[in-house]
Protein chains: 2
Amino acid sequence: MEKIDQEESISNILKKVTVRKMFKGEWTNRTISVVQEIPLTIFLNDKEIVTLLCMGSHLEALTVGFLKFEGLIDKREDIRDITLDEKKGLIFVKVDKDPVMEKNLLFKRVITSGCGKGTIFYHAIDALLTRKIKSSLFITADQIFFLMSNINQKSSLYKKSRGVHNTALATPEEILLFRTDIGRHNAVDMIYGKCFLDGFSLEDKILLTTGRITSEVLLKAGKMRVPFLISRNVATQQALTLAQDIGITVIGDVRGKKFIVYTNPERVKK
Amino acid sequence: MEKIDQEESISNILKKVTVRKMFKGEWTNRTISVVQEIPLTIFLNDKEIVTLLCMGSHLEALTVGFLKFEGLIDKREDIRDITLDEKKGLIFVKVDKDPVMEKNLLFKRVITSGCGKGTIFYHAIDALLTRKIKSSLFITADQIFFLMSNINQKSSLYKKSRGVHNTALATPEEILLFRTDIGRHNAVDMIYGKCFLDGFSLEDKILLTTGRITSEVLLKAGKMRVPFLISRNVATQQALTLAQDIGITVIGDVRGKKFIVYTNPERVKK
């Protein structure tokens, strides 16, 4: 599997702006870099589905990951064509079968607390609970520290501009795929989309994120069937309840020489 | 206007969980506090609109702010009744006129990059640009530092649990209203809802946030008609373009003795 470093595309994503800076009582004019934020409108079989605000990279994987998470595409073989019009910010996905749009889908949408995209909350949970994750994968404390320091190192875009979220897919030994976006859900979608398109198995993988562990990112991990969700940030109570039920090991607050194992600690060895 | 300190409700919002903690090679069992995350389903004239995931406080203001931002309620006098069933997480709003739901609203929704709720992006911008904000309110550097240190001080829930966002409404002299939630949009909605319900003018106020300044929070500031948006975090390029067009002074990266004035700097005095 591809090991990605996004360095090459950073120059396209950062834009220069001129600002007034105050520092210790002195004003100066400065040119600084800010992250771009572009709208991407997704069409599925010519039906306009949604407009995502994103940073502009990995748009096909982002689109496929979003549609798959939302249950709007099923199998990879169903995808007949993906056409991106980058200039206009439009992407057209053709699938063999017209997806069944739930009646009044809007009125069932959940607006999430965190950095959230809507998901059909309760439906999603119901479906997940029928297939508990029972992986025997385990990880050691040293591996957790190694992976987290690795994702932090890769976050050079964050260092330059702040205001982006980083997500990675890993084995206990190494990071396989690293994605950055202004929305941490976008970064997760890109990873899911890439793995879905490449037919890459997730059941023995780890999802790493720099963001908070809310119920929504937990549900995404559940849909991906990854047994581990690891963050340098903390978790909400609802996410932990779901993690127990779905069978995901949640590890958070990974900073310096400490971390917390919130759920299913039997998968973490000393 | 009410000056709020949310201290009293923190004990309800934090939940104890037992976790395994790793610190410098040693495992311990610990009981720690995590933030609760509850679903609140909003009904408008008996139509199910949305389920918000939130922390569970200020639910009426949150609901009204959300509906007002989404353009689903217009005037305060239109609200006939608000009934909250806190146990079931349901809230029922009755308005005199049935709101005009845009046809296929779902398919026009924008999923935002940041901690985002969907908004009807382009429509919103069009409407905002027709009425540029032309406030003569100004702020000094000392006032910016004072307000930011004040919002940081009030963020005691953040200190206890991390993973919450804080938003405040202020004059240049003081913070008037302070709200905390797991979603920073929820906190903005609570403030907008409270001001809308109380008939409180926003055209001479400042919106302060601890979150990033993305185009969506900028659009919310635009709908509120506040001339200032101030954050300790940074801004995206799209937010700055919109801020120029709408006429909002965006101040970010307020940390220690520095800050950046991104747009409309004429409102900031030394």
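This briefing describes selected strands, helices and packing contacts in a predicted model. Local features are reported at pLDDT of at least 70 and side-chain atom pairs count only at pLDDT 80 or more, while totals for chains, interfaces and linings use all residues. Residues are numbered from 1 along each chain as its sequence is written, with chains lettered from A and ligands numbered from 1 in the order in which they are written. Helices (H or I, at least four residues) and strands (E, at least two) are DSSP runs, numbered from the N terminus.

- An open sheet with mixed pairing holds 8 strands in the order β10(A)-β9(A)-β11(A)-β12(A)-β13(A)-β14(A)-β1(B)-β2(B), where two strands pair if DSSP finds at least two bridges between them.
- β10 (175-181) of chain A and β2 (26-35) of chain B stand at the edges with a single partner strand each, so one side of each has no neighbour in the sheet.
- From one strand to the next, the twist averages 25°.
- Within this sheet, β9(A) (residues 165-170) and β11(A) (residues 206-209) run antiparallel and are joined by 4 bridges, and Ala170(A) stands opposite Ile206(A).

**Strand β3 of chain A**

- Of the 7 residues of β3(A) (residues 38-44), 6 are buried, so this strand is largely enclosed by the rest of the structure; a residue is buried if 20 or more other C-beta atoms, placed from the backbone, lie within 10 Å of its own, exposed if 12 or fewer, and partly exposed in between.
- β3(A) pairs with β4(A) (residues 47-54) in the antiparallel sense over 7 bridges, with Leu53(A) as the bridge partner of Pro39(A).
- These two strands, β3(A) and β4(A), form a hairpin with 2 residues between them, and Asn45(A) in the turn has a positive phi of about 45°.
- With β6(A) (residues 90-95), β3(A) pairs in the parallel sense over 4 bridges, and Thr41(A) stands opposite Leu90(A).

**Helices**

- α2(A) (residues 59-69) and α6(A) (residues 184-198) pack at an angle of about 90° with their axes 6 Å apart, the axes being lines fitted to C-alpha atoms over the stretch in contact and angles running from 0 to 180 degrees between N-to-C directions.
- That makes α2(A) roughly perpendicular to α6(A), a class covering 65 to 115 degrees, whereas angles under 35 count as roughly parallel, over 145 as roughly antiparallel and the rest as oblique.
- In α7(B) (residues 215-224), 10 of the 10 residues are buried, so this helix is largely enclosed by the rest of the structure.
- α7(B) is followed by Arg225(B), whose phi is positive, near 70°.
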